[in-house]
Amino acid sequence: MRKLHPASIAVRSLSRSLNTGFVFFVVGVVVSPGGNGMDLLSVFGLVAFGIVTGIVYEFAYYQRFRYELTEDTFDVTSGVISRRDRELPLGRIQNVDIRQNVVERVVGIAAVHIETAGGGETEVSLRYVDETEARRLRRQLRRSARTETDSADASADEDRAASHETTTAEDEDVLFEIQPRELTILSVFTIDPGASVLGGIALSFASGFDPTTLIPVDRPAELPGPATGLGALVWGLVAFVLAAWILSAALTFTRYYGFRLTRVGDELYYERGLLQRYSGTIPLEKVQTLTISESIPFRWFGFAALSVETAGYAPGQESRGTESAIPLADTERVTALARAIEPFGPVDLESPPKRARERYAVRYLLVLAAVVTVAYLGARYTAVVRQWYVLLVIAVVVPIAAHLKWANRGFQVGDRFLLTRTGFWRRTTKIVPHYRVQAVLHEATIFQRRRRLASVTADTASSASFFGRAATAHDVDADRGLEIQAEIEERLQDRLRARKRDRMRDGWFRDSSEPMDDWQPDDTER
């Protein structure tokens, strides 16, 4: 059984002691009502007691934490007050992430987070182990997870892992490294939702909840401007957007700084982050769907992004969402890497019928009519809205919006892959291997049936399907949709039969005396 790195006591104690010290500080203040209760010395005494308690707890945690990699499981024993023993079957290990902040990189330690298939949360966290030990664990766990049972003894595993660590640079195939120009464009044009909240909080404190205090120049009070009425509200909104944009750019820059994607065998390894360094794996044998995203304004610069959805979870969501294989790069470069992962060939999409475009126009007009009606009622019965009819100008852009929506939708059913595309502001192209399809759904709402339209969805084992992000051919002809469904199901059965034949040929009928160590699945196994 192995132990955590001794430096983990100090790092964990720092966080734990601050938390417990703050709790005891609050307790001391609450029970000290003026001069009738505890004095300042007693409050600081409680704080010191909380800090010491945190340090003692982390020392006990370190002493009682053990982990071991066996032939079939990864065993973890932990617990200070109550003992907890966990055994993770190696075959269920889905991903192994390594994370480091600035302090941890200086100390030379890292946190290892192990996740299992079917779980949305981290199953086991090792905080903290040596950097070399973290990389060794990741490689051994991923190697053992691929084989599920490894008959080699532990010492041979360690020797192979150590020799592998010394030759990592030779074995790694660097697929992508983000360039300064790409990182700059990504940072400038990415809007982080969390940055909006932080920007609002920062702006509120900076202005003392009065946006007029942030006006950059002085001017006579009699002149109209942002210091009064609606102008102050507009200026506050501008300041909020500016603060959110600056924070968003900073967060994106630190998140994707030094992004690097490499391939070792049948796995992709990614590293990223400035203040918090993330490192993880994308097992190719578990890839369910590839997604190429071309958002505006990135599409204007000829850039796109590539994300990979694997079984058990899907990579946006930082904690097991779709992993970014490439956060931003030239579109041709992104497409080339996507084809290196799944060779889907040329893209020749079939567009929905033109009556789908008419449906979009009617939908937008109905929404506009509802908005205009509400504005009209507001003008008639209240003084909030006056010139409600100005909204009718939006009707001019409805045909354009309907055409853009229609033009950016399509699908393609190939011999080995299904491709779907949708979205104007954020156009996404999904590539799904037929053998990864779990179910094919043919759906038609009451409004689609009126125009003989339907949507065909290819569900995979990725959790993206649960959030409505599965590959879907939207608003195709209803009869064509049934053909697509039958075609995908037929291709799926063909691929499954081919895989079964390959397994029988390469595995079941192999001479029992022939070693299996050098056997690798062919392309059809992927």
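A nonpolar core is a set of buried Ala, Val, Leu, Ile, Met, Phe, Trp, Tyr and Cys residues joined through side-chain atoms within 4.5 Å; buried means under 20% relative accessible area, with a 1.4 Å probe and protein chains only. In the largest such core, which has 32 residues, L261, L290 and L306 touch the most other members. This is a predicted model, where local features need pLDDT of at least 70, side-chain atom pairs count only at pLDDT 80 or more, and totals for chains, interfaces and linings use all residues. Residues are numbered from 1 along each chain as its sequence is written, and side-chain values use heavy atoms, leaving out hydrogens and water.

**Cores**
- Beyond neighbours within four places in sequence, L290 is in contact (heavy atoms within 4.5 Å) with residues including L306, V308, A338 and I431.
- A second, separate core of 22 residues includes L4, F74, V112 and V129.

**G410**
- G410 lies in strand β14 (residues 410-413).
- G410 is buried, with a relative accessible area of 5%.
- Leaving out residues up to four places away in sequence, G410 touches L349, E350, S351, P352, L419, T420 and R421.
- The C-alpha atoms of G410 and P353 are separated by 9.9 Å, though the two are 57 residues apart along the chain.

**Helices α11 and α12**
- Residues of α11 that meet α12 include Y360 and Y364; on the α12 side, V398 and W406 are among them.

Conventions
Helices (H or I, at least four residues) and strands (E, at least two) are DSSP runs, numbered from the N terminus. Buried means under 20% relative accessible area, exposed over 50%, partly exposed in between (1.4 Å probe, protein chains only).
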